[in-house]
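Student: Could we go through this one together, a piece at a time? I'll ask as I look.

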Amino acid sequence: MTTTTPRRADRSARPGFRCSECGWTASKWVGRCGECQAWGTVAEDVGPGGGAPRTVATAPTRAPARPIDEIDVEAARARPTGVDELDRVLGGGIVPGAVVLLAGEPGVGKSTLLLDVAARAARTGRRVLYVTGEESAGQVRLRAGRIGALHPSLLLADETDLATVLGHVEVVDPDLLVLDSVQTIASAAVEGTAGGVAQVREVTAAVIAAAKSRDLPVVLVGHVTKDGSVAGPRTLEHLVDVVCQFEGERHSRLRLLRATKNRYGPTDEVGCFDLSETGIIGLADPSGLFVSQAQTAVPGTCLTVTLEGRRPLATEVQALVAPSAVPNPRRTTSGIDSSRLAMVLAVLQRRLGARLADQDVYVSTVGGARVVEPAADLALALAAVSSRENTALPRGLVAVGEVGLAGEIRTVSGVGRRLSEAARLGFTRAVVPAGSLDGAAPPDGLTVLPVADLAQAVAAAGIGS
């Protein structure tokens, strides 16, 4: 009697399955990747020896290799869009052939911003093709009339088929293409519904191929998930050249534009916009939105200068301390991290002896600004002490610094830029951490008060007992 065992080569030749997002492998097909938890990304992997090679070498005909010093750099320079705040974030403008992905929550103003950009580009003599897949052409026309974005060189098409969109590009031959949005376009050659992983990958690859072959700048509108990240496969962010996030509170007029990826410029610039019923306007000096217009000094208010990327913004922090009528005093925040407030109040009570355990504390920022950096700790502490003592801070005072658990005031980054912005806005006194200027001269007209701990900061501000 003889027995046969399966050969090792036969078992190794069995097909496996691989995730196209992260490369995770499995012996059988599953609907969800076990590594990155993405749906619909696991496909059969035939391996390197599973078939004949599908790509063969061909002679380059469209763009043969040339010496690097003979490459024309003028064709790769950024062209301004006409919106200064957008150009600031993009690094000077849109580069021909670049693909920009603009993501944001519904209703934040993405379509309004891009319609304004398209109209400004059309007024400069460029032909612009605006393709909308979410709204009808009539709805976009109404918005364009409301914000003053009407021009004969701005062409509008409402399509959801990829082949038709590429046909419009062939016929119109635009100088700028806006696709709103990439999740609503689908290809008949790929299975799945619009917005799926396969469809989004196919649409993006086709649009990028058209952009690179024509040196056509393209702006894609993308949706976001519940956690705020760009919807779709992660390869979408790797394929495009620039990824921008459009942020803003629903009940606030302020909108912030940030670049999380930029192959042609910096990623630490922030653009500020004011969204209203008549359109969207870039704010070159948005500090006025975050500062109250009170004519007299009010207890419980203190101003600080935060950094959004490399951009300094003056922000007013307001605090209200009142006796509590319940056993557990309230701690309510708006625009301030609640855990940061709890820490600052604990330091004030432990290091300064401020009686806050039986007090309700309400803290808010002006204009819907959101302060997340520790540099606003000192302004928060001074505002709380000012409200507790019912003593207003001197007008023209700004405070910058991080509060430590031992009550010390730690230095923060960009103190020079913060003080320059404070001096430009007319502030006359600044409470900053000791040694933060490193011997540099303060801006003209600004008196710098260096402090080492909270007790010195309260004394320098002229509040407290």
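Student: What follows H3, and what is its phi?

Tutor: H3 is followed by Gly125, whose phi is positive, near 95 degrees; helices here are DSSP runs of H or I with at least four residues, strands are runs of E with at least two, and both are numbered from the N terminus. This is a predicted model, in which local features need pLDDT of at least 70 and side-chain atom pairs count only at pLDDT 80 or more, whereas totals for chains, interfaces and linings use all residues. Residues are numbered from 1 along each chain as its sequence is written, and side-chain values use heavy atoms, with hydrogens and water left out.

Student: How many of the residues of H3 are buried?

Tutor: In H3, 12 of the 14 residues are buried, where buried means under 20% relative accessible area, exposed over 50% and partly exposed in between, with a 1.4 Å probe and protein chains only. Among the buried ones are Leu113, Leu114, Leu115 and Val117, and also Lys110 and Asp116.

Student: And what span should H3 have?

Tutor: Helix H3 covers residues 110–123 and should span 20 Å at 1.5 Å a residue, which agrees with its end C-alpha atoms being 20 Å apart; the expected span is 1.5 Å times one less than the number of residues.

Student: Which residues is Thr112 in contact with, apart from its sequence neighbours?

Tutor: Thr112, which is found in helix H3, is in contact with Arg143, Ile147, Leu275, Gly279 and Ile280 once neighbours within four places in sequence are left aside, contact meaning heavy atoms within 4.5 Å. The relative accessible area of Thr112 is 11%, so Thr112 counts as buried.

Student: Switching to strands: is S13 mostly covered or mostly open?

Tutor: Strand S13 (residues 301–308) is mostly covered, with eight of its eight residues buried. Thr301, Leu303, Val305 and Leu307 lie on one side, Cys302, Thr304, Thr306 and Glu308 lie on the other, and both faces are covered.

Student: What does S13 pair with?

Tutor: S13 runs antiparallel to strand S14 (residues 311–323), and eight bridges join them; two strands are said to pair if DSSP finds at least two bridges between them. One of the bridge partners is Glu316 in S14, which goes with Leu303. The two strands form a hairpin with two residues between them, and Gly309 in that turn has a positive phi of about 70 degrees.

Student: What is the order in the open sheet of three strands?

Tutor: The order is S2-S1-S3, with antiparallel pairing. Strands S2 (25–26) and S3 (42–45) stand at the edges with a single partner strand each, so one side of each has no neighbour in the sheet. S1 (residues 16–19) pairs with S2 over two bridges, and Arg18 stands opposite Thr25 in S2.

Student: Where is the cis peptide bond?

Tutor: The peptide bond from Asp180 to Ser181 is cis, with omega near 0 degrees, and Ser181 has its place in the loop between strand S7 (176–180) and helix H6 (197–214). Most residues other than glycine have a negative phi, and most peptide bonds are trans.

Student: Which loops hold Asp215 and Asn390?

Tutor: Asp215, with a positive phi of about 55 degrees although not a glycine, is found in the loop between H6 and strand S8 (218–222) and is partly exposed at 48% relative accessible area. Asn390, whose phi is near 55 degrees, has its place in the loop between helix H9 (377–389) and strand S17 (397–399) and is exposed at 60%.
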